[in-house]
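Hello,

Here is the structure we talked about. My notes on it follow below.

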Amino acid sequence: MSCQRVLVALAGQPNCGKSTIFNMLTGARQHVANYPGVTVEKKTGRFRTGDLQVELVDLPGTYSLSSYSLEERVSRDFLLHDGPGVVLDVADASNLKRSLYLTLQLLEMGRPLVLVLNMMDVAGRRGVRLDVDGLSRRLGVPAIAAVGKKGKGAEEIGAALDGLAGQTPGPEVFQAGYGSLEPCIGALAERLSGDPVLASRCPPRWLAIKLLEGDAEAEKLLRTLSPEASGLLAEAQTLRHNFQVRHGQTAADHIARSRHRAAGELARLTTSSSPASGRTLTERVDAVVCQRYLGPVVLLAILFLLYQASIVFGGWVSAQVWPFWGALESLAARLLPAPGFLDDPLLRELGLWCVKSVTSILNYLPIFFILFALIAVLEDSGYMPRMAFILDRVFRRFGLHGQSTLPLILGGVYVGGCAVPAVMATKAIPDERARLATILITPMMNCLAKVPLYLLLIDACFAERAGLALFFIATVTLFMALPVAKVLSLTVLRKKQSAPFIMEMPPYHLPTVKGVLLRAVERVLLFVKKIVTVVLAVAVVVFALISYPGIGTEARARFEAEADTAVRSFLAKAEATAYAGRLGAQDVPELLLFREALREAGRGAGQVRADAADAAFLKRNPLYFEILRGTSADSRQLSRALRTVDATRKRLRRELRTQGFEASFLGMAGRALEPVTRFAGFDWRVNIALLSAFAAKENSAATLGAIYGLDGEGGLAQGMTPLHALALMLFMALYPPCIPASVMVRLQANSTGWMLFSLGYQTLLGLVVATLVFAGGTLLGLTGWQAMWTFYGVCVLATAAMALVPESGCTRAHISQTPIPSTSRGGFS
């Protein structure tokens with residue numbers, strides 16, 4: 001018998017246990033991506049029930065089907081345009097009235113629906129009893145009692161899907177009544193149903209209700225589908241206006257209240273509850289974690305533990321795993337063409353560059369896995385909404401959201417974070433404006449890769465007050481980022497939609513190990529799939545920029561002559577030993593590689609493994625092995641001579657790379673930028689170091705040390721004054737995100753434009769700040785230390801001032817359709 005395929009949408013409000021139902025039905029047969037054109041996560045899974053092959057799509061959790069938030073628009077568009085055969089509506093059985101608000105809207109969209117009453121065990125503990133059959137009869141749809149985390153209800157859901165597939169909702173399906181607005185709905189729906197194209201794309205009654213609500217997306221849909229849109233919109237506007245004049249309230253308010261009444265009446269008729277005995281566990285815990293003074297303390301403790309576990313412990317795990325990635329790099333080095341004495345073949349250079357670029361990202365996997373697992377614990381336990389509730393009052397003054405906390409912590413709000421997981425963590429912020437603002441300021445935090453440059457400059461120029469200097473750079477970044485977020489919200493982000501801050505306080509739950517691990521694994525796989533491919537492409541471009549056009553012919557000839565002299569000197573010494581006539585010029589590079597491979601094989605090996613490696617290398621080339629491991633006077637003399645050649649080779653390769661870098665397109669850019677950056681105290685050498693840091697921030701300290709000659713005590717002698725160092729530290733603090741973080745900005749913002757804006761505005765801001773500090777400090781005759789704390793005071797005052805600026809352009813409007821009577825609107829009462 002052939003198997004019928006059906007597309008099923010899984011809908012539900014946040015914290016109703018929708019993810020546990022999804023995992024219960026699909027198991028490990030899941031795929032995670034994004035909905036087209038947006039950053040909202042799209043999770044799909046497959047399972048079979050009876051004669052059905054079900055493709056289950058987990059829609060974003062949403063309280064209603066308005067168009068105020070991105071999640072609401074994504075869910076509604078999927079139901080309208082993707083044509084699911086059945087909708088699985090997951091409701092919280094312990095809070096039926098609230099859940100039915102969404103159910104009534106789903107019924108209006110005209111799709112066959114199965115109501116899954118999840119968390120029946122929680123309802124039972126609260127003394128709530130549901131008449132499941134009675135609710136099914138009143139709604140006219142199947143209703144299933146379920147406990148997702150225990151696997152209860154899966155068979156019943158499958159049977160209901162089997163019975164509904166291919167069916168259309170009948171007249172027995174419940175519809176909310178809108179009282180005095182019904183004549184307007186009926187008249188408008190009748191006109192809409194007269195357009196066959198429009199009627200085939202969406203239910204006329206549903207569209208009529210949305211037009212009377214003044215829903216912008218519904219109006220846009222009407223303009224797209226109907227040639228008579230202007231007339232229909234004018235009629236809807238007239239009906240809205242007349243209703244408000246007659247009844248003293250907007251049609252949108254009336255519709256919302258009518259749905260609340262209908263949901264309340266259905267819940268009253270189908271549920272009963274016994275008197276509660278004392279406060280629930282959730283109430284007792286919230287008395288501490290949401291208390292005005294204890295709440296922030298608990299929050300800081302949890303964030304500290306999360307930071308320690310993900311960044312510190314995860315970093316330690318990454319260090320333990322690194323030998324695996326190092327072995328992968330060594331394998332690639334063995335498979336690629338052998339290196340030369342001075343240069344390596346192009347294929348080897350490019351291949352190793354790409355492999356190292358990818359392994360540098362994959363080395364973060366333990367951090368990401370731990371981070372995503374802990375975030376899943378916070379989400380599933382119910383604490384994440386409380387975190388946002390506590391901090392929203394402060395953050396909303398700067399155009400941010402309570403859930404901006406986690407990205408800023410992970411980015412290194414003090415010292416030692418990473419912008420890649422921090423930007424990824426912004427996915428949880430429901431407010432589009434606040435999410436973009438958080439994405440744009442998160443790279444300003446102190447990621448671990450910036451620290452080497454900070455330490456180098458502090459040791460060179462502020463060694464006597466190193467602790468205070470590190471405290472300055474670790475904390476001043478937040479006082480720069482918050483005012484910037486406010487300015488962005490009032491300017492370039494002012495037209496971005498801002499959802500109202502509505503935060504339900506769900507009951508606490510004990511997360512399941514399976515659910516946490518599945519979420520962590522799927523997010524890590526999504527990260528690997530998205531970022532590695534892009535990093536590879538960018539790595540090739542950066543390689544070309546730092547490799548070409550290369551040094552001139554005369555300079556190369558000088559390097560080759562010195563290399564030839566070193567080789568001839570070695571061969572001359574060989575001719576004075578028992579190995580005379582047995583070695584030629586071609587043997588020197590091979591002997592050096594043999595020596596390096598022999599040392600690598602013996603590094604960290606026990607006696608047994610070391611003896612086995614020696615035997616293998618002896619068999620591979622007896623002559624080379626005798627020179628390196630021999631005990632005769634000639635072999636020891638030649639081995640010492642080879643070490644001299646090796647030191648010369650490494651020095652020449654290092655100098656060749658440095659000069660090649662200076663002569664590359666990136667090096668030319670460093671010199672070209674000098675007329676602009678000199679006002680910030682940056683010469684071409686500093687510019688090259690900063691340009692190299694775009695690939696990875698760690699490059700800045702290494703490049704600066706090599707090119708500029710900074711080595712702690714010698715820094716001042718080389719012309720790097722404390723004021724220069726301060727300007728450079730501040731520029732690095734505001735420096736644009738590195739390549740992996742920029743890729744993540746592109747992915748999370750879903751826009752190349754925002755990624756380019758992030759690169760551009762942070763570069764400009766960093767240059768302006770560095771110029772003001774350096775030029776201003778020079779003009780006022782300030783020392784680097786005086787300029788440091790003067791700037792710190794200015795930043796603190798700017799933060800306080802921006803907090804007082806009215807949020808006229810970025811307030812979160814109150815929305816009357818809010819279906820959650822038990823919500824919190826940020827801060828403390």
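**What was found**

Of the contacts in the chain with a separation of 6 or more, 77% are between residues 24 or more positions apart, where contact means heavy atoms within 4.5 Å.

This is a predicted model, so local features need pLDDT of at least 70 and side-chain atom pairs count only at pLDDT 80 or more, while totals for chains, interfaces and linings use all residues. Residues are numbered from 1 along each chain as its sequence is written, and side-chain values use heavy atoms, with hydrogens and water left out.

The chain has 36 helices and 11 strands; these are DSSP runs numbered from the N terminus, helices being H or I with at least four residues and strands E with at least two. Of its 829 residues, 53% are buried (under 20% relative accessible area, 1.4 Å probe, protein chains only).

Cysteine 461 counts as buried because its relative accessibility is 12%. Cysteine 795 is also buried, at 7%.

The axes of H13 (residues 281-289) and H17 (residues 383-395) come within 12 Å and cross at roughly 35°; axes are lines fitted to C-alpha atoms over the stretch in contact, with angles from 0 to 180 degrees between N-to-C directions. On the H13 side, Thr282, Asp286 and Val289 meet Tyr383, Arg386 and Ile390 of H17.

Regards

Notes: Buried means under 20% relative accessible area, exposed over 50%, partly exposed in between (1.4 Å probe, protein chains only).
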